[in-house]
Amino acid sequence: RRAIAVALEDGGADPVQERAERFYEVIAPSLAQYVQQSQPADWRNADRFQAFRGLVQSFLGDGAGNALADSSLVIFQSWLRRDADGRWGPHYDNQRLLGGGEDAWNPGAGYRLPLLHQSWRRVHPIITYRKLHVPMLIIDPTGDDTPPGASFSPQYERLRASHPALIEHVKYPDTGHVAHPQRPDWFVRDMSSLLQRVRKAGSDSCLKAAEAHS
């Protein structure tokens, strides 16, 4: 019934509405063109391997040094599912979950988007984690620090400074937004370190108590 730790991978540690407002100032003059260029790729394919190949290739040009560890390939396999029409693609429906079009970029139009996107827009880490009492890891892939969003590191540091004894901020250079398939060894290293901090802090005592009564 309680968290023993929190791990955030390039998300959940920055104020999303503030970011949307900054983005909008940059892209508003050419919003329609920007939205068109930012349409999510359709990786669905009648052939399972080709769908898998499309997912993998989308990461090879994302600041990952044009290489992926063999151990990360199983992650892409887990992302695939076969739709009702027989085609293979991502197991989630991005359009249904988050919406799209100009409303997705306009900070004043968030109320017209799906509920998941609306709740995401309202994330404010300084408020959400004001009473943080368990260890936290923030993974910050800096390979995607490009306009209009630029670097999230200042927001991550702001959150870390609010709980310096609990929060660790780790940067992953030359790594794109979804970090763990590109840097599985780093990910395991840092998650292992988080587990050690959990044990040191004793935030897993609730699990030990449950085991004792089982």
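This is a predicted model: local features need pLDDT of at least 70, side-chain atom pairs count only at pLDDT 80 or more; totals for chains, interfaces and linings use all residues.
Residues are numbered from 1 along each chain as its sequence is written, and side-chain values use heavy atoms, without hydrogens or water.

R22 forms a salt bridge with E18 (side-chain nitrogen of Lys or Arg within 4 Å of a carboxyl oxygen of Asp or Glu). The closest N and O atoms are 4.0 Å apart. Both residues lie in helix α1 (residues 16-27), four residues apart. Helices (H or I, at least four residues) and strands (E, at least two) are DSSP runs, numbered from the N terminus. E18 is partly exposed, at 31%. The whole structure holds 10 salt bridges.

An open sheet of three strands has the order β1-β4-β5, with parallel pairing (at least two DSSP bridges between two strands). Its edge strands are β1 (6-9) and β5 (167-172). Six bridges join β4 (residues 136-141) to β5. Helix α9 (residues 184-201) packs on the sheet, touching β1, β4 and β5 (contact, heavy atoms within 4.5 Å). The direction of α9 makes about 170° with that of β5 (axes are lines fitted to C-alpha atoms, for helices over the stretch in contact; angles run from 0 to 180 degrees between N-to-C directions).

A salt bridge also links R197 and E168, at 3.7 Å between the closest N and O atoms. R197 lies in α9 and E168 in β5, so the pair ties together parts 29 residues apart in sequence. E168 is partly exposed, at 28%.

Notes
Buried means under 20% relative accessible area, exposed over 50%, partly exposed in between (1.4 Å probe, protein chains only).
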